[in-house]
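I opened the model to look up its salt bridges, a surface patch and a helix crossing. My entries follow.

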Amino acid sequence: MTKVDDSGRGGSVGPPRTEVIGRPKDSTSRAVLRRLLRDRTSVVALSVIAVLAVVAVLAPVLVELLGRSALQPDRKNGLTPAGVPVGPGAEFWLGTDFVGRDIFSRILLGTSNTFLIAIVSALAAIVIGTAIGTIAGLYGGVVDVALSAVIDFVVALPFLVIAMAVVVIHGASVGVLMLTIAFFSWSTVARMVRSLVLTIRELDYVKAATTLGASDWRIVTRHILPNIAGPVLTYGSLLIPQIIVMEASLSFLGLGVPPPAPTWGGMIAENQGNYAIAWWSILFPGVALLLSTLSFNLLGDGLRDAMEPGSRPRRRHRTTRKEAR
């Protein structure tokens, strides 16, 4: 069997050559991880987050090993004879608060509570937002208009006013706090996912799958979700620090986790009246809050650059004397 030569002269025509078009090498998970690990800032941020995650998991054990209660007041050892909190030293590494509790132990437990609220709320917001955004973008029409109206309505709601009303009605608890934060966080995820799905459903291979009779579930699982996983993951890493700040704001206003359970925002709120005589009781929880939010934001920026290498600004190379000549 002969094939048509380059000049187009006769002969029998062989079967057409088929080429498998795969994903670009730069878009594989290994390539993304490799680019992420090349960024020193992202590596440092990831290391800080990993340490905080380990502390959050092992916080009760670490507090038990320290032998300093994070919940029970210790007015005998944690306060001076004048009733002033003890400053940082060999006995209390980060000092004590206004009732003699160890600040370091409370920051450890606060890491556990803060991370629990942030991770669970972020996951709930991502799942709800992805589901609603996918349905709105995939079906369009009346469904899109109705769900978009719901999204706009949630975005327009005043966060603090609704949060205060919910806490007054149902009381302050970890569950109520997580549900409230998740309710106000999913709408931005849904907006982003909807815009991505509207673009993806117009691609040729998605239209071909629809023409061939592929079910909506298959289109979503095989074509839509794999293509939006990267942007959703990046946004999720940026959503967590926002939720940490939201939780700290609510705790500062007395709408967060009820005492004596510690959170970073709650610790700042409890000790705001003693900053003149016990600055450490506000400084160290504030540093923990700043460190965690900054690390998640830097990691999110690094993930975005690793997944979209073309979006990073190119460095200008200095012209050598030889090149100038």
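I took helices as DSSP runs of H or I with at least four residues, numbered from the N terminus. The model is predicted, so I noted that local features need pLDDT of at least 70 and side-chain atom pairs pLDDT 80 or more, while totals for chains, interfaces and linings use all residues. Residues are numbered from 1 along each chain as its sequence is written, and side-chain values use heavy atoms, with hydrogens and water left out.

**Salt bridges**

I counted a salt bridge where a side-chain nitrogen of Lys or Arg lies within 4 Å of a carboxyl oxygen of Asp or Glu. The count comes to 10 salt bridges. I found Asp97 paired with Arg101 at 2.9 Å and with Arg106 at 3.9 Å, N to O. Asp97, Arg101, Arg106 and Glu270 form a network of salt bridges.

I called a residue buried under 20% relative accessible area, exposed over 50%, and partly exposed in between (1.4 Å probe, protein chains only). Asp97 is buried at 0%, and Arg101 is buried at 7%. I also looked up Lys207, which bridges to Glu202 at 3.4 Å; Lys207 is partly exposed at 41%, and Glu202 is partly exposed at 43%.

**Helix 2**

I located Val54 in helix 2, residues 40-66. Val54 is partly exposed, with a relative accessible area of 46%.

**Helix 3 and helix 6**

I fitted axes as lines to C-alpha atoms over the stretch in contact, with angles from 0 to 180 degrees between N-to-C directions. The axes of helix 3 (residues 103-139) and helix 6 (residues 174-200) come within 5 Å and cross at roughly 35 degrees.

Notes: Helices (H or I, at least four residues) and strands (E, at least two) are DSSP runs, numbered from the N terminus.
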